[in-house]
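Reader: Could you take me through the salt bridges in this one? I'd like a close look at who pairs with whom, and where the partners sit.

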Amino acid sequence: MHAGGPADVWAEGDAYERYMGRWSRRVAEVFVARLGAPAGLHWLDVGCGTGALTGAVASRCRPRTALGLDRSAEFVRAARSAAAPGPARFAVADASALPLRDAVFNAVVSGLALNFLEPPGTAVAEAARVVRPGGLVAAYVWDYADGMALLRRFWDAATALDPAAAALDEGRRFTLCRPGPLRDLWSGAGLVEVTVAPIEVPTVFARFEDLWEPFLSGQGPAPGYVAALTSEDRERLRTRLAASLPVRPDGSVALAARAWAVRGRRPAGAKR
């Protein structure tokens, strides 16, 4: 994933892992399992971030090759250091201009990056270009508007204290992250057999600090907003967010996250 605006800082792998990586890995496992792909395929992961999806492909799908690309050199370094199994490789590249030949891969996937790719239509068209006729193009994004409870609770608390914070709310900004726009994006790239389905995973925090500390990293719209606050306003937000959460008797906080997964195929007779 890479920056989509001044507040969308995505660069440092360890901070991303604490903030979203632990949940993105759970979604990646479900996503890959649902694809039901046979062994021996050539895979491409666009906007691979710290390598969660590439790693899931390498572990579950017995690929012949698995290449993860991201525009962030720091994320690529983090993905390489995570030691993804088997044939996984990683490189720096821009999703809008893939340095790859036409019709090279059997499957092109992307996890939690599509809404940060500008413009997204170009990135999907590039994915359709490099996949073979009949090949799979699939991706998933968080349901920022309604299904990502961690961020929904955060922005509801932030805007209650500061109405101007609504301008950074991913639920408002990333209108792509809904079934209709995703379906249209895939169909617009000439892909067929397009479907969209939800993936839901639990996001359980051991205690409130386990939930709050990643917001202090400065990475992403919400942590970027927190970093810009005064210490007094930051504490006000922390207090309001804590009061809004469902806390279990043992101090843990149980929420849930939903992503939308979209898939389609390049027409079998397509030529480029």
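Author: Here is a walk through the salt bridges, pair by pair. Keep in mind that the model is predicted.

The bridge ties together distant parts of the chain: R129 belongs to helix 4 (residues 120–130), while D102 lies in the loop between strand 3 and strand 4, 27 residues apart. R129 has 15% relative accessibility, so it counts as buried, given that the cut-off for buried is under 20%. D102, at 37%, is partly exposed.

Next up is R71 with D94, where the closest N and O atoms sit 3.9 Å apart. That still makes the list because the cut-off is within 4 Å. R71 is in the loop between strand 2 (65–70) and helix 3 (73–81), and D94 is in the loop between strand 3 (88–92) and strand 4 (105–111), 23 residues apart. Both ends are partly exposed, R71 with a relative accessible area of 42% and D94 at 28%.

Last, R258 and E200 meet through their side chains at 3.6 Å, N to O. Here the bridge runs from strand to strand: R258 is in strand 7 (residues 253–265) and E200 in strand 6 (residues 192–205), 58 residues apart. R258 is partly exposed at 22% relative accessibility, whereas E200 is exposed at 55%.

Terms used. Residues numbered from 1 in each chain as written. Predicted model: local features only at pLDDT ≥ 70, side-chain atom pairs only at ≥ 80, totals over all residues. Heavy atoms only, no water. Helix = DSSP H or I, 4+ residues; strand = E, 2+ residues; numbered from the N terminus. Buried < 20%, exposed > 50% of the residue type's maximum accessible area, 1.4 Å probe, protein only.
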